[in-house]
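This briefing goes through one structure by topic. Please look over the sequence and the model before reading the points.

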Amino acid sequence: KGEKLKVTKEDSTALVFSGEVYGYKAEVFYFFDESGTLFSGTIKFVIDEKNPDGAVSIYKAVRSELEKQLGKPSVDEVLLNDSTKTEDMKSPGAGLMTENKIYTTDWNDNPGTQIGMILSKSEKSPLSLGIVYQRK
């Protein structure tokens, strides 16, 4: 629901789509076990590193859509790796590009599944926003 996607790869273990999820550009990856049952999925949103506040806006909008479908998350936090850098709390995007701030939301209370969403940047990777589904 809320997806406008085009298949870009298809085989017995994976389906990869490109398009829009909740109105935002994204790539969607579904992975299947030997029996053809979905065991994992990932949505990677296209975001602009030059606009971390915009990335936070997308995160919040997607989180809101997921809350409508999944209910209240079991975890919903903004984490600072170094809490002494209080300037990183002055705006939503502050601290993201310096790898100090992480936005994370999880839905762990749904039987048989775990769903998590994260907005972060690691040392050698670009700023990224993604959702991961895992069958327990």
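In this predicted model, leaving aside neighbours within four places in sequence, D33 is in contact with F39 and R135.

- D33 belongs to the loop that links β3 and β4.
- Is D33 buried or exposed? Its relative accessible area is 19%, and the cut-off for buried is under 20%, so D33 counts as buried.
- A polar contact of 2.7 Å joins the side chain of D33 to the side chain of S35.

**Helix α1**
- Helix α1 covers residues 52–70, which is 19 residues. At 1.5 Å a residue it should span 27 Å, and the distance of 26 Å between its end C-alpha atoms agrees with that.
- Which residues of α1 are buried? They are P52, A55, V56, I58, Y59, V62, R63 and L66.
- Viewed down the axis of α1, these buried residues fall within an arc of 155 degrees, so they line one face of the helix.
- The background is that an α-helix has 3.6 residues a turn, so residues three or four places apart point the same way.
- The strands that the buried residues of α1 pack against are β3 (24–32), β4 (38–45), β5 (75–80), β6 (101–107), β7 (113–120) and β8 (128–135).

**Nonpolar core**
- The largest nonpolar core has 25 residues. Those that touch the most other members are F45, I47, V62, L119, L129 and I131.
- Two or more residues of this core come from each of β2, β3, β4, α1, β6, β7 and β8.
- Which element gives the most to this core? It is α1, with 6 residues.
- V62, one of the buried residues of α1, is in contact with Y22, Y24, F45, M117 and I131, leaving aside its neighbours within four places in sequence.

**Strand pairs**
- Strand β2 (residues 14–21) runs antiparallel to β3, and 8 bridges join them. Within this pair, V16 has F29 in β3 as its bridge partner.
- β2 and β3 form a hairpin, with 2 residues between the strands.
- β4 and β8 run antiparallel and are joined by 6 bridges. The bridge partner of T42 is V132 in β8.
- β7 pairs with β8, also in the antiparallel sense, over 8 bridges. L119 stands opposite L129 in β8, and both L119 and L129 are among the core residues that touch the most other members.

- Most residues other than glycine have a negative phi. Two residues of this model that are not glycine, Y22 and E99, have a positive phi.
- Y22 lies in the loop between β2 and β3, in the turn of the hairpin, and its phi is about 55 degrees. With a relative accessible area of 18%, Y22 is buried. Y22 is also among the contacts of V62.
- Where does E99 lie? It is in the loop between β5 and β6, and its phi is about 70 degrees.
- E99 has a relative accessible area of 27%, so it is partly exposed.

Notes: Residues numbered from 1 in each chain as written. Predicted model: local features only at pLDDT ≥ 70, side-chain atom pairs only at ≥ 80, totals over all residues. Heavy atoms only, no water. Helix = DSSP H or I, 4+ residues; strand = E, 2+ residues; numbered from the N terminus. Expected span 1.5 Å × (residues − 1). Buried < 20%, exposed > 50% of the residue type's maximum accessible area, 1.4 Å probe, protein only. Arc of directions from axis to C-beta. Contact = heavy atoms within 4.5 Å. Pairing = 2+ DSSP bridges. Polar contact = N/O pair within 3.5 Å; in protein donor to acceptor, adjacent residues only side chain to side chain. Core = buried A, V, L, I, M, F, W, Y, C linked by side-chain atoms within 4.5 Å.
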